[in-house]
Amino acid sequence: MVEAETLPHISAADLAPMLTPERTALVVVDVQVDFAAPHGLLGRVGADLSSVPPAMKRIADLIAAARARGVTIAFMRVVTRPETDSVALKTLMARKGMPGGEAICRSDDGGADYYGVQPEPGDIEIEKLLFDSFHGTDFDDQLRARGIETLVMTGFSTDCCVDQTARAAFHRGYHVFVVSDATGAYEEGLHASALDILYKNCALLVRAEDVAAAWA
């Protein structure tokens, strides 16, 4: 089984010219109650949240480093309502024997709220219905309006919303970096496997301390 730490990572010395502050955005994916908090939906149903606290600490450090250098910060968030639920997702869950499994990150019960992070005026905020932060949103337009060419991906989960947003970004011509220790998944092996696949296809891997050093 592949291990995240054994995958190739870009060094801090090489990163600085690749992560020019005025052309780079730090993307914070789905750091919200139902995905990250012990009292959120995943915590209540017994998902393994052990990867969340260390990743969140590094995300907070990267947000501070980005703010200090004027790097654009973009917060992604799943926000769902019964009337906007995906028929495809509902059908998929039902066929898996999980009816109702799509009712996550509801707008009216606190599950969609940010957890441990908070946008500030001037940050990008995106509300999405599913995994890809570009689908059905103006994320691409907002990035291009700011002259952003490079995305540094953090958040949850590595194998789902981080993965799909990273792929969508690459398809739109962005340079994609995934912070391996500021992302996480909920099952053993999924995190490293997702990083491996992203590295093979559309992204470079970096560590949080090296990104912070590149912006220092």
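In this predicted model, the lining of the second largest pocket draws at least two residues from each of α4 (52-69), β5 (175-184) and α8 (190-201). Strand β5 makes the largest contribution, with four residues. In total, 24 residues line this second pocket, and those nearest its centre are Ser 51, Gly 184, Ala 185, His 191 and Ala 192. The lining is evenly divided by class, with eight nonpolar, eight polar and eight charged residues. The volume of the second largest pocket is about 370 Å³.

The largest pocket holds about 830 Å³ of space. Its lining comprises 32 residues, and Phe 35, Met 93, Ile 104, Phe 131 and Cys 160 are the closest to the centre. Here the helices α3 (41-44), α5 (87-95) and α7 (158-171) each provide at least two lining residues. The make-up of this lining by class is 20 nonpolar, six polar and six charged residues.

Attention now turns to the aromatic side chains. Three aromatic pairs are found in a search of the whole structure. One of them joins Phe 75 to Tyr 114 in an edge-to-face arrangement, with 5.8 Å from centre to centre and 75° between the planes. Because Phe 75 belongs to strand β2 (residues 72-78) and Tyr 114 to the loop between α5 and β3 (124-128), this pair ties together parts that are 39 residues apart in sequence. Both Phe 75 and Tyr 114 are buried. Elsewhere, Phe 134, Phe 139 and Tyr 174 are linked by ring pairs into a cluster.

The overall fold provides the setting for these features. Nine helices and six strands form the secondary structure of the chain. The radius of gyration is 16 Å, close to the 17 Å given by the globule rule for 216 residues, so the chain is as compact as a globular protein of that length. The C-alpha trace spans about 50 × 40 × 30 Å along its principal axes. Of the 216 residues in the chain, 50% are buried, and Phe 75 and Tyr 114 of the edge-to-face pair are among the buried residues.

Technical notes: Residues are numbered from 1 along each chain as its sequence is written. This is a predicted model: local features need pLDDT of at least 70, side-chain atom pairs count only at pLDDT 80 or more; totals for chains, interfaces and linings use all residues. Side-chain values use heavy atoms; hydrogens and water are left out. On a 1 Å grid over the protein atoms alone, a cavity is a set of points where a 1.4 Å probe fits but cannot get out, and a pocket is an open set with protein on both sides within 12 Å along at least five of seven lines; lining residues have an atom within 4 Å of a point. Grid points are joined across faces, edges and corners, and a volume is the space filled by probe spheres set on the points. Ala, Val, Leu, Ile, Met, Phe, Trp, Tyr, Cys and Pro count as nonpolar, Asp, Glu, Lys and Arg as charged, and the others, Gly among them, as polar. Rings of Phe, Tyr and Trp (its six-membered ring) pair if their centres lie within 6.5 Å; planes under 30 degrees apart count as stacked, over 60 as edge-to-face and the rest as tilted. Buried means under 20% relative accessible area, exposed over 50%, partly exposed in between (1.4 Å probe, protein chains only). The radius of gyration is taken over C-alpha atoms; the globule rule is 2.2 Å times the number of residues to the power 0.38.
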